[in-house]
Amino acid sequence: MITGSTLEYRDALPAGGRLAGLDVGTKTIGLAYCDAGWTIATAAETIRRTKFGADLEALRKVVASQSIRGLVLGLPLNMDGTDSPRTQAIRAFARNCKPLELPILLWDERWSTAAVTRTLLDADASRARRAEVVDKMAAAYILQGAIDAMAGFA
């Protein structure tokens, strides 16, 4: 199931269980995980993208090793809320993740990379350090937004 509704997504999830947030780019996939109680998201790793089959296999390994019960994918909407070619690519990525047999939430990620980059700049992180961590930190930002919204339905 792929949805943009937090309530629908939460209802499709088993009671508890870890979630993974994904910031899907053209070259990398930033990953973050949350605890089984859906309280805090933590930046985890970055997968270097190749072909989709290899990307899916990497995600399958993460799902198994981390006991993931659902995915939250950042959806890069235009500032006016409309779709862009990149948004359509993320929707296709989500459809292609159906073999994982997990509920998928498409979460508005506008400002996620900008917010994370600002935080890293404020922390005086070097350009190299920012490039190294921005994708997985953006994934954590996306996932935290989703789990915070789900907490409002508890």
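Leaving out neighbours within four places in sequence, Ser84 touches Pro76 and Asn78 in this predicted model. Ser84 sits in the loop that runs between strand 5 (68-75) and helix 3 (85-96). Its relative accessible area is 15%, so Ser84 counts as buried, the limit being under 20%.

**Loop between strand 5 and helix 3**

- Asp80 is another residue placed in the loop between strand 5 and helix 3.
- Asp80 has a relative accessibility of 60% and therefore counts as exposed, for which the limit is over 50%.
- The side chain of Asp80 makes a polar contact with the side chain of Thr82, at 2.6 Å.

**Salt bridges**

- The model holds four salt bridges by the rule applied here, and three of them are described in this group, beginning with the pair Asp11 and Arg10.
- The side chains of Arg10 and Asp11 meet with an N to O distance of 3.0 Å.
- Asp11 has 51% relative accessibility and counts as exposed, because the limit for that class is over 50%.
- Arg49 and Asp55 form a salt bridge in which the closest N and O atoms are 2.9 Å apart.
- Asp55 is buried, with a relative accessibility of 1%.
- Glu57 and Arg60 form a salt bridge whose closest N and O atoms are 3.5 Å apart.
- Both Glu57 and Arg60 belong to helix 2 (residues 52-66), where they are three residues apart, about one turn of the helix.
- Arg60 is partly exposed at a relative accessible area of 34%, and Glu57 is also partly exposed, at 36%.

**Strand 2 and its partners**

- Strand 2 spans residues 18-24 and is mostly covered, with six of its seven residues buried.
- Strand 2 pairs with strand 5 in the parallel sense, over five bridges.
- In that pairing, Leu19 has Gly70 of strand 5 as its bridge partner.
- Strand 2 is also joined to strand 3 (residues 28-34) by five bridges, and these two strands run antiparallel.
- Leu22 stands opposite Leu31, a residue of strand 3.
- The link from strand 2 to strand 3 is a hairpin of three residues.
- Strand 2 therefore has a parallel partner in strand 5 and an antiparallel partner in strand 3.

**Chain as a whole**

- The protein chain contains five helices and six strands.
- Read from the N terminus, the order of elements is β-α-β-β-β-α-β-α-β-α-α.
- The protein chain has 154 residues, of which 43% count as buried.
- Among contacts in the protein chain with a separation of 6 or more, 66% are between residues 24 or more positions apart.
- The accessible surface of the protein chain is about 7,800 Å².
- Carbon and sulfur atoms account for 54% of that accessible surface.

Technical notes: Residues numbered from 1 in each chain as written. Predicted model: local features only at pLDDT ≥ 70, side-chain atom pairs only at ≥ 80, totals over all residues. Heavy atoms only, no water. Helix = DSSP H or I, 4+ residues; strand = E, 2+ residues; numbered from the N terminus. Buried < 20%, exposed > 50% of the residue type's maximum accessible area, 1.4 Å probe, protein only. Contact = heavy atoms within 4.5 Å. Areas by Shrake-Rupley, 256 points an atom, 1.4 Å probe, with all protein chains shown as cover. Polar contact = N/O pair within 3.5 Å; in protein donor to acceptor, adjacent residues only side chain to side chain.
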